[in-house]
Amino acid sequence: MQKGIVTKSTGSWYWVKSQNKIVQCRIKGKFRIKGITTTNPIAVGDIVYFELNQEDQTGNITKIDERKNYIIRKSTNLSHEAHIIAANIDQAFLIVTLARPETSVGFIDRFLITAEAYHIPVHIVFNKIDIYDSELLEKLSHYISVYEKIGYKCHKTSALEDVGIDEIKAIMDNKISLLSGHSGVGKSTIVNRIDPFLNLKTAEVSDFHNKGVHTTTFAEMFDLVFGGSIIDTPGIKGFGTVDMPLEDVSHYFPEIFKASENCRFNNCTHLHEPGCAVKDAVKQGNISEIRYTSYVNILTDSNDKYRQVKY
Ligand SMILES: Nc1nc2c(ncn2[C@@H]2O[C@H](COP(=O)(O)OP(=O)(O)OP(=O)(O)O)[C@@H](O)[C@H]2O)c(=O)[nH]1
Ligand SMILES: [Mg+2]
Ligand SMILES: [Zn+2]
C-alpha cells in the first residue's frame, strides 16, 4: 500500500501525488463520513492509501486518513447533499470583488463561519481594486475596517496590475492555502501571478450577468516553487444553507459571541430578546450593522430550517 495526497479529482478519477509522482486512482469500495452525504467522498487535500495495479500503473484507493478540517458547501439549498471543496488546509484566502462580479457580505460571512467552525484562518483578499471608482473605494475601506476590527486580515490586490500579490505570496510560504470565492473574481489569475509557470486558464467575466462562467472546473492543488502549495477551486455561487445547528451560528461570529456573554438570557438568539447585549453593541456601533444583518439573515433564512446535518 502506498500513501499520497489527492491533488485533483474529476469525480471518477483522483490524482494522487505519492513520492513526487502523480498516480491516477479510483476508489475501491464505499467511503462515507459519518452523518453527512457528500457528492464527493474524497477531496483535494485528503491523505489516502492506495494499491498500485502493475498492468496500467493506476491505483485503487482503499483508505483515507481522518481529516483535520474541511471546507464544505451544500450543493443546493434544499438538498442535503454537501460538497467538500478541500480538506486538510492550513489557511484560506477568500477572494472578494466589489464589482465584476459583486461579492455580498452575506456570502463573505457564510464563508467565514464555515472556516471558523474548523479554526481555519481566513485572509480576505479584495481583488480588482484597479476598477473601483471612488464610491467603491469608500465601500472597500469600510469593509476592511469592519473585518479587521473583528480580527480578519484583509489585503487589497490587483492581479491584473500585479499590486499586493507579493504580500499574499509571502503568507503562503510553506502552507497549504485554499483560494475560494465567486466565479470570475480572479482566483486563477492570482495563482498565475504567484507562479507564472502554472499558466492556468482564466476568462473574462461575461458582460451580461457580470458573473464568471466557471473557467476552473475542478479544484486542484499545485506545489509552489518557494515551498507550500495552493489549491485553486471553481467559483462558488453561494453556500446556501449553513452546516451547523442554528444555535451554533453566533459562536462563529467572534464579535457577537464575545458580546453575548452579557446578554440577560444565556440562550439569547440576539433577535428579539430584552436585555440583549449584542443588539446594544450594534446600536452603539461596536458591532457592525452589516455583520449583524448577515447574522440575522442566516438565522431567519427559511431554507436553513431544512438543514438537518449534524456532526
Ligand atoms: N480588472 C481586473 N481584472 C482582473 C483582475 N484579476 C482577474 N481579472 C480578470 O477577471 C477575469 C476572471 O479571472 P479568473 O482568474 O478566470 O477568475 P476565477 O476566479 O478563477 O474564475 P473561476 O475559475 O470561474 O472560478 C479574467 O478576465 C481576469 O483577467 C484584476 O485584478 N483586475
Ligand atoms: Mg479559475
Ligand atoms: Zn443577545
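Two residues are in contact if their C-beta atoms, placed from the backbone, lie within 7 Å. This is a predicted model: local features need pLDDT of at least 70, side-chain atom pairs count only at pLDDT 80 or more, and totals for chains, interfaces and linings use all residues. Residues are numbered from 1 along each chain as its sequence is written.

**View 1. Ala-86 in the largest nonpolar core.** Such a core is a set of buried Ala, Val, Leu, Ile, Met, Phe, Trp, Tyr and Cys residues joined through C-beta atoms within 7 Å. Buried means 20 or more other C-beta atoms within 10 Å of a residue's own; exposed means 12 or fewer, with C-beta atoms placed from the backbone. The largest core has 65 residues, and Ala-86, Leu-94 and Ile-231 touch the most other members. Leaving out residues up to four places away in sequence, the contacts of Ala-86 include Tyr-70, Leu-178 and Ile-231.

View 2. Helices (H or I, at least four residues) and strands (E, at least two) are DSSP runs, numbered from the N terminus. Asn-174 follows H3 with a positive phi, near 60°.

**View 3. Val-249 in a loop.** Val-249 sits between strand E14 (229-232) and helix H5 (254-259). Val-249 is buried, with 23 other C-beta atoms within 10 Å. Its C-alpha atom is separated by 7.8 Å from that of Leu-299, 50 residues apart along the chain.

Note on methods. Chains lettered and ligands numbered in written order.
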